[in-house]
Amino acid sequence: MRLKLLPFLFLPLLFACVPVEQARAPETRSTTVVTGDVEYLNSSSGRYAWHPSLGKAHLGKSENESLLLSELRKNIAKVMAEKGYQQVSLQQQPDFLIGVGAALESQMSDQQILERAGMKAGMSSDSLDPELYQKGSIMVALFQTEEGGPFWRALGQGMAPTELALSERKQRIEHAITRLLQYIPQR
């Protein structure tokens with residue numbers, strides 16, 4: 001009888017010995033959800049413009065929001081140019097429009113993203129120390145017209161370290177946009 005109880009005596013020790021490192025998010029932890037059909041792009045001339053009302057960032061600090069939006073657009077333009085697409089103004093009658101949005105979890109929950117964008121990546125941040133990391137979301141959507149709904153959307157989520165040099169942040173944004181736009185066909 002004593003031998004049978006012996007393993008249960010050590011069971012609490014196993015659950016109490018959790019390394020502190022588990023509270024940190026791996027830098028590569030991310031998820032992507034894509035919906036829609038890019039077939040329209042194959043029949044277009046590949047000219048796009050920025051959606052006039054769908055370019056938003058929700059970070060809590062307005063000066064950082066405009067910087068993030070600028071960085072997102074710069075990286076989207078770079079990837080699209082590499083794929084053979086051409087950015088034009090709205091007055092030049094583009095074939096499609098690109099909208100982009102980004103948010104930290106503290107400013108917009110997964111439920112709010114679902115209600116606004118109709119998509120949910122659902123990456124959990126429950127086990128993370130909010131002083132070290134926050135979940136960040138980026139959405140890119142393609143529209144045929146300003147008034148219509150998107151024909152293609154990609155939502156990516158990853159862990160955003162709260163303390164990171166600007167150069168490293170820019171590199172992570174570039175990687176995230178490249179990952180999201182990998183589904184856009186080459187022209």
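A residue is counted as buried when its relative accessible area is under 20%. By this criterion N75, with a relative accessible area of 4%, is buried in the predicted model described here. Over the chain as a whole, buried residues account for 37% of the 187 residues. The accessible surface of the chain amounts to about 11200 Å², and 54% of this area belongs to carbon and sulfur atoms.

The chain contains five helices and six strands. Read from the N terminus, these elements follow the order α-β-α-β-α-β-β-α-β-β-α. Among contacts between residues at least 6 apart in sequence, 80% join residues at least 24 apart.

The mean pLDDT is 80, and 81% of the residues reach 70 or more. The lowest mean, 41, belongs to helix α1 (residues 2-16), whereas the highest, 97, belongs to strand β3 (residues 86-87). Over residues 5-25 the pLDDT stays under 50, and for these residues the model has 10 contacts beyond four places in sequence.

Strand β2 (residues 47-58) pairs with two other strands, β3 and β4. Its pairing with β3 is parallel and consists of two bridges; within it, Y48 has Q87 of β3 as its bridge partner. The pairing of β2 with β4 (residues 96-104) is likewise parallel and comprises seven bridges. In β4, A103 stands opposite H58.

Helix α3 spans residues 62-82 and includes N75. The side chain of this buried residue reaches the backbone oxygen of E71 at a distance of 2.8 Å. When neighbours within four places in sequence are left aside, N75 is in contact with I173, E174 and I177.

Helix α4 (residues 110-117) has buried residues at D110, I113 and A117. These residues lie on the same side of α4, because they cover an arc of only 55° around the axis. In general, an α-helix has 3.6 residues a turn, so residues three or four places apart point the same way. The buried residues of α4 pack against strands β5 (133-143) and β6 (150-161). On the face turned away from this buried side, α4 carries the exposed residues E115 and R116. The helix is followed by G118, which has a positive phi, near 75°.

Strand β1 (residues 30-36) contains T32. The side chain of T32 makes a polar contact with the side chain of R179, at 3.0 Å. Apart from neighbours within four places in sequence, the residues in contact with T32 are L155, G156, R179, L180 and Y183. Although T32 and G122 are 90 residues apart in sequence, their C-alpha atoms are 9.6 Å apart in space.

Note on methods: Residues numbered from 1 in each chain as written. Heavy atoms only, no water. pLDDT = per-residue confidence, 0-100. Helix = DSSP H or I, 4+ residues; strand = E, 2+ residues; numbered from the N terminus. Contact = heavy atoms within 4.5 Å. Pairing = 2+ DSSP bridges. Buried < 20%, exposed > 50% of the residue type's maximum accessible area, 1.4 Å probe, protein only. Arc of directions from axis to C-beta. Polar contact = N/O pair within 3.5 Å; in protein donor to acceptor, adjacent residues only side chain to side chain. Areas by Shrake-Rupley, 256 points an atom, 1.4 Å probe, with all protein chains shown as cover.
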